[in-house]
Amino acid sequence: MNSILRKRIIETQIYLGIGIFALGLVLFTRETSQAAADGVALCAQVLIPSLFPFFVVSSLCVQTGLAALAGRAFEKPMRFLFGVPGVCAPAFVLGLVGGYPVGARTAISLYEQGACTKAEAERLLAFCNNSGPAFILGAVGASMLGGTGAGALLYATHVLASVTVGVLFSLRARRQSTTQRPVQGRIDVVCAPLGRAFTSAVTSSFSSILNVCAFVIFFAVVIRLLGLLGVIPALARGLSTLLAPLGLDADLTGQVLGGLLEVTSGVKGLLPLDAGMGTKLTAAAFLLGWAGLSVHCQVLTLIGDSGLSPLPYLAGKALHGCLAGLLTWLAVRLLPLGVAASGTSAAPIPPLSELSPSFWASLGASAACWLTLAVLSLFFRLITRCKKSDSPV
């Protein structure tokens, strides 16, 4: 009886929330429409050029066998550091280069093709879904926070925190005596024809980037509506008294709350706040490590019916955010970084032709990494074909 009553109460709350959301869209049509337009501009001018090409190459890495090739080279370090097979190395590397959710997408693909066990895949998801240099150095550092030094610091602490999370999860798994291992030979699982792999990579990547943009636009509207309805300001005022020792006032707390939902909008809104640059960088590092509910929804969509539990992933991202924030806080106070913002107000997202050279430099560096991976993939395919043609019939 209690379970039925609890279920009805939850359903009533959901229906009430949907009704309030719909009413808010009617009452604040102009404001929410502008929020959606800002989300579309963000997707078209930053996210799509930063992520879509990398989605394609990450899929090619798995389907053409480059992941298997990397597995042989990285078997020992991946086992030693993270307790996962070497074939999982591309998920970690591609996640650091291409940004979320590229790493999670690669990890799930590896699990679905039998390259790692369920426990290993869940542990991999906890630390491989990271932001890439094109986003942190260019979009966040140069375009939003106004300096390449800020972006370099955030990316360094982001990577270090990710590695730390992977090591901690590995130690926990070893203490629990997890003995699941992939059978020998699983590293050689994937070798689809190049034409079919390329077609599949492009089409599936287009679907993935649409999911990314859809969540970004939707949560941009949600954050704006929660602000207009007074929900985020009320929560911020209540939490600011508890977080005052950390240097978070009501405005900064409200911005962090919004960033918990959608990281890009949350980080972008930090710049005009009246707070020290070190505090802003610490908050940005936390938000980038947590990644936002928008990214988590994308990952949950990718997990789908795979059978993987989302709990290790969510725990890993929460730990990643806390560690990244702590490392950034320490770095700002201990190192003579000289990081400063170049402005005091947040500017709208500029068109592609006006983006900072730092954004294009970081995007070019990421593209060079992906091009190298693509060339290696083609080379590996040629080697494989030559071995097959030379083998006796």
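Tutor: Let's start with E120, which is buried, its relative accessible area being 2%. Here buried means under 20% relative accessible area, exposed means over 50%, and partly exposed is anything in between, using a 1.4 Å probe and protein chains only. The areas themselves come from the Shrake-Rupley method with a 1.4 Å probe, and for residues only the protein chains shown count as cover.

Some ground rules before we go on. This is a predicted model, where local features need pLDDT of at least 70 and side-chain atom pairs count only at pLDDT 80 or more, while totals for chains, interfaces and linings use all residues. Residues are numbered from 1 along each chain as its sequence is written, and side-chain values use heavy atoms, with hydrogens and water left out.

Back to E120. Its side chain meets that of R79 in a salt bridge, at 3.2 Å from N to O. To count as a salt bridge, a side-chain nitrogen of Lys or Arg has to sit within 4 Å of a carboxyl oxygen of Asp or Glu. The pair links distant parts of the chain, with E120 in helix α6 and R79 in helix α3 (residues 66-82), 41 residues apart. Helices are DSSP runs of H or I with at least four residues, strands are runs of E with at least two, and both are numbered from the N terminus. R79 counts as buried too, because its relative accessible area is 18%.

The structure holds two salt bridges. K118 and E122 both lie in helix α6, four residues apart, which is about one turn of the helix. E122 is buried at 12% relative accessible area, whereas K118 is partly exposed at 35%.

Helix α6 turns up again when you look at the rings. The structure holds five aromatic pairs. In one of them, the ring centres of F92 and F127 are 5.7 Å apart and the planes are at 55°, so this pair is tilted. F92 belongs to helix α4 (residues 89-98) and F127 to helix α6 (residues 118-128), so the pair ties together parts that are 35 residues apart in sequence. Both F92 and F127 are buried. As for the rule, rings of Phe, Tyr and Trp (its six-membered ring) pair if their centres lie within 6.5 Å; planes under 30 degrees apart are stacked, over 60 are edge-to-face, and the rest are tilted.

Another pair, F218 with F219, is edge-to-face, with 5.5 Å between centres and 85° between planes. F219 is buried at 7% relative accessibility, but F218 is partly exposed at 44%. Along with F21, these two make up one aromatic cluster.

F219 leads us to E262. Not counting residues up to four places away in sequence, E262 touches V216, F219, I223 and S294, where a contact means heavy atoms within 4.5 Å. E262 sits in the loop between α11 (250-261) and α12 (263-268), and at 1% relative accessibility it counts as buried.

One more stop is V167, in helix α8 (residues 148-175). V167 is partly exposed at 25% relative accessible area, and beyond four places in sequence it touches L81 and F82. V167 and F82 are 85 residues apart in sequence, yet 5.2 Å apart in space, C-alpha to C-alpha.

Now zoom out. The protein chain comes to 16 helices and zero strands, and 47% of its 393 residues count as buried. Take the contacts between residues at least 6 apart in sequence: 81% of them join residues at least 24 apart. The chain exposes about 18,500 Å², and carbon and sulfur atoms supply 68% of that.

Finally, confidence. pLDDT is the predictor's confidence in each residue, from 0 to 100; its mean for the chain is 76, with 74% of residues reaching 70 or more.
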